[in-house]
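Here is a friendly walk through one protein model, from its inner helices to its surface. Keep the viewer open and follow along.

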Amino acid sequence: MTEQQQVSDDGVMTRIGQALMLLHGGDREEARNRFGLLWQQIGPDGDPLHRCTLAHYMADTQDDPDTELAWDLRALSAAEDLTDERLAAHDASAAVRALYPSLHLNLAADYVKLRRPDAARAHLDRARAAADHLDDDGYGNGVRAAIERLELRLRAE
């Protein structure tokens, strides 16, 4: 990868981060607008890291559960195209397999919202199986706790 490509990549991830700050600050509409513009620039065949990251966060800006599901499915699809080498170019400590617990957890939550418990359980099982690849840190423990919370919710329903 050339230096120019790395700067460009960093620019896209920076812009995703800026929109994410808007989302976390409560401005879902502006975050959704910015993510939408970025998606138009990246395109459905763009860099898998950009597509995965953007789709993952774009899902969180959606009001409609079907649209949220569609974005989470895009994130999973992009993760399947992502290599450890590409991810390491962005974050040397990250591995692609560590993304799957969160991606499947999000899909499970989407299916719960859509009242599709069998699909929710299938993705929750995938999230739990993939959780073995998470580190014993704040992120990993948070994802594992969220898996357990969703499991309890599914049992109750």
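## The enclosed helix

The buried residues of α6 are Tyr-100, Pro-101, Ser-102, Leu-103, His-104, Leu-105, Asn-106, Leu-107, Ala-108, Asp-110, Tyr-111 and Val-112. Buried here means under 20% relative accessible area, exposed means over 50%, and partly exposed lies in between (1.4 Å probe, protein chains only). Helices are DSSP runs of H or I with at least four residues, strands are runs of E with at least two, and both are numbered from the N terminus. Because twelve of the 14 residues of α6 are buried, this helix is largely enclosed by the rest of the structure. Its buried residues pack against α3, α4, α7 and α8, where contact means heavy atoms within 4.5 Å. After α6 comes Arg-115, with a positive phi near 55°.

A word on the source: this is a predicted model, in which local features need pLDDT of at least 70, side-chain atom pairs count only at pLDDT 80 or more, and totals for chains, interfaces and linings use all residues. Residues are numbered from 1 along each chain as its sequence is written, and side-chain values use heavy atoms, with hydrogens and water left out.

The expected span of a helix is 1.5 Å times one less than its number of residues.

| Helix | Residues in helix | End-to-end C-alpha distance | Expected span |
|---|---|---|---|
| α2 | 15 residues | 20 Å | 21 Å |
| α6 | 14 residues | 20 Å | 20 Å |

In α2, the buried residues are Ala-31, Phe-35, Gly-36, Leu-38, Trp-39 and Ile-42. Seen down the axis of α2, they fall within an arc of 165°, so they line one face of the helix; the arc is that of the directions from the helix axis to the C-beta atoms. The face turned away from the buried side of α2 carries the exposed residues Glu-29, Gln-40 and Gln-41. Just after α2, Gly-43 takes a positive phi of about 80°.

Now to α7: which of its residues are buried? They are Ala-119, Ala-120, His-123, Leu-124, Ala-127 and Ala-130. These cover an arc of only 135° around the axis, which puts them on the same side of α7. They pack against α6 and α8, while Asp-118 and Ala-129 are exposed on the other side of α7.

## The nonpolar core

A nonpolar core is a set of buried Ala, Val, Leu, Ile, Met, Phe, Trp, Tyr and Cys residues joined through side-chain atoms within 4.5 Å. The largest one has 47 residues, and those with the most contacts inside it are Ile-16, Phe-35, Leu-54, Leu-105, Leu-124 and Ile-147. Its largest share, seven residues, comes from α6. Leaving aside residues up to four places away in sequence, Leu-54 touches Ile-16, Phe-35, Leu-38, Trp-39 and Ile-42.

## A tryptophan pair and a loop

Trp-39 and Trp-71 are both buried. The structure holds one aromatic pair, and these two form it edge-to-face, at 5.0 Å centre to centre with 85° between the planes. Rings of Phe, Tyr and Trp (its six-membered ring) pair if their centres lie within 6.5 Å; planes under 30 degrees apart count as stacked, over 60 as edge-to-face and the rest as tilted.

Finally, look at the loop between α3 and α4, where Asp-63 sits. Asp-63 is exposed, with a relative accessible area of 59%. Not counting residues up to four places away in sequence, Asp-63 touches Arg-28 and Arg-32.
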